[in-house]
Amino acid sequence: MKNRHGNRTKTLGQRIWEHRILYVFLLPCVVSLLVFSYYPMYGATLAFKKYNYALGIMGSPWVGLTHFITFTTSPEFWSVIRNTITISGLKILMCFPAPILLALLLNEVWNSKFKRAIQTMSYLPNFVSWVVVVSLLTVVFSPYGGIVNNIRKAFDLPSVFYLGERDYFYPLVVLSDIWKGVGWGSIIYLSALSGISPELYESAVLDGAGRIKCIWYITLPGIKMTIGIMFIYAVGGLLNAGFDQILLLQQPANMLISEILDTYTLKTGLNYGKFEYATAIGLFKSAFSFLLIVITNNMAKRFFEVGIW
Amino acid sequence: MKFTTRAQKIFQVFNTVFLSLFGFITLFPFWYVLVASFNVGSDFTRGGVYFWPRMFTLENYERAFRDPRIFASLGVSVSRTLLGVLLGLVFTALIAYAVSVETLPGRMGFTFFFYFTTIFGGGMIPYYILLRDLGLTKSFWLYVIPSVYSFFNFLLMRTYFQTIPAELRESAEIDGAGHVRVLFQIYAPLSAPIIATLALFIGVGHWNDWFTGAYYQSRTALFPAATLLQKLLRESSPSSMREGQETVLETMRTFTPQSLQMAFVMILTMPIVIVYPFLQKYYVKGVMIGAVKG
């Protein structure tokens, strides 16, 4: 059978049959995703039901929006939302620009051995678990033999119990996040920087531009696209706020300011066994995250002329 | 381009000092805990040990390896990491290859099917109920089966496969080679950099995952090392340490729970420290490809 151009001689069915082995290649992952990603999406209907263990998710009776109303009118609602957005906001404000700054500084280094050494070191924290990072923090900031408190002691200052005090929670979250992610985050900015043609700088210098002007008019516009894409991801993940990290740094003393949507879902669901209620909170988060990604993607398309789809 | 004015030279000096300081701050916590792990525990809590052990000992490591819980957890971590890397690489290669064949009907549909799971999910609780209903919460397979696939890894491998000229595949097909042979005998040998990168990413992901064990695993005997470390950290968390610390000092034991933990932290960190610098040139490239095409 020939189509209009005469160059396709096979029907769709034939082409599918020809590629049958490739569908076999795809099969394991498709099944895995159907079971472990798509089925839980269906399972999220639990948010609108009253869970009955014997009947399962499918057979449990519907209760409409009850759980959503309970959640949005509960006293925890605003505090959890506020904490989530505060932590994410602080991270976007401080942890987002950090790798850009590091990349700019590394880009100015002319000794390539020194540059490489610093880069290699900076990747290490990215590869260790948050459990390890929090263990390191515990030792470094320990009131018993920790180096920070030892230095304080040398200046006759009283010991501070950093990980247990509420006021140090946000600073610790931001600083540990920068410490863990800044080196890894700088990789893509460095690659974007290496793509900028050196001739641009040479002609700018001939025109009398200094370093600051070069950075402002050549370097930053050169990595604008990359910053845009990374910004979409950062804002799209606004409601995540760094689940692992927060969960590990949570202490009774900082619970009022450290409880975020994910940790709250986990606690109500797995610790207190309120499955339907926790599912509703999770679904609330998923829906808003999805919306955020769509919105930021559209904004990025408008302002940076880039998008992730 | 080099600037040679005085201000530029001052900037160079400042930059070098700043970046050196940054490198120091990045590495020092690891070094500090390494020192702590080789120091007598009760001596370390007195303070003043920073750059070198004051009272050297191997006791912390001996105790760590003799602790049956730690030993078993390391076994779980090693098994899941090896198995996870192997399965992850094979399954990722299969789908990346399939989708990189441009004549495959429905390839965009499959890509979207994979992509959608990264922007929307059912949440933790339905996922947990599913794992429980499948009996995975009581099994070692909890760590391996649900996580054979990751969209990011798929994207990296697909992008790499797309750089391999399609003519190579087509000519092999003319010679009578099927897709299985093309993938394993032509693509795989050409893909060493991306395979190394993904092996590192998947391996590190498995080695570091504490969450799955802590919240989805009901058998404590099946905790991986990272989960066990988190549990130990909780037991000796700052709030409980406040009361506990004095008694530890009073009994004048040489060994403290903290020093055992430090040895454990180092046991978890060392494999990573040893492996990651060697694969640097590969994964740096991998991240760039992912960022550009992602």
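**Legends to close-up views of a predicted two-chain model**

**View 1. Secondary structure and overall dimensions of chain A.** In this predicted model, the secondary structure of chain A consists of 17 helices and zero strands. The C-alpha trace of chain A spans about 70 × 65 × 35 Å along its principal axes, and its radius of gyration is 26 Å, whereas a compact globule of 309 residues would have a value near 19 Å. Of the 309 residues of chain A, 35% count as buried, and among the contacts in chain A with a separation of 6 or more, 66% are accounted for by residues 24 or more positions apart.

**View 2. The side of chain A that touches chain B.** Here 77 residues of chain A are in contact with 77 residues of chain B. Helix H2 of chain A, covering residues 20-43, supplies the largest share of the chain A side, namely 14 residues. Sorted by class, this side of chain A comprises 51 nonpolar, 21 polar and five charged residues.

**View 3. The largest nonpolar core.** This core holds 131 residues, of which Val131(A), Ile95(B), Tyr97(B), Ala98(B), Met157(B) and Leu229(B) touch the most other members. The element that gives the most to this core is helix H4 of chain B (residues 68-100), with twelve residues.

**View 4. The surroundings of Tyr97(B).** Tyr97(B) is one of the core residues that touch the most other members. When residues up to four places away in sequence are not counted, Tyr97(B) touches Phe25(A) as well as Phe161(B), Leu183(B) and Tyr187(B).

Definitions and conventions
Residues are numbered from 1 along each chain as its sequence is written. Chains are lettered from A and ligands numbered from 1 in the order in which they are written. This is a predicted model: local features need pLDDT of at least 70, side-chain atom pairs count only at pLDDT 80 or more; totals for chains, interfaces and linings use all residues. Two residues are in contact if their C-beta atoms, placed from the backbone, lie within 7 Å. Helices (H or I, at least four residues) and strands (E, at least two) are DSSP runs, numbered from the N terminus. Ala, Val, Leu, Ile, Met, Phe, Trp, Tyr, Cys and Pro count as nonpolar, Asp, Glu, Lys and Arg as charged, and the others, Gly among them, as polar. A nonpolar core is a set of buried Ala, Val, Leu, Ile, Met, Phe, Trp, Tyr and Cys residues joined through C-beta atoms within 7 Å. A residue is buried if 20 or more other C-beta atoms lie within 10 Å of its own, exposed if 12 or fewer, and partly exposed in between; C-beta atoms are placed from the backbone. The radius of gyration is taken over C-alpha atoms; the globule rule is 2.2 Å times the number of residues to the power 0.38.
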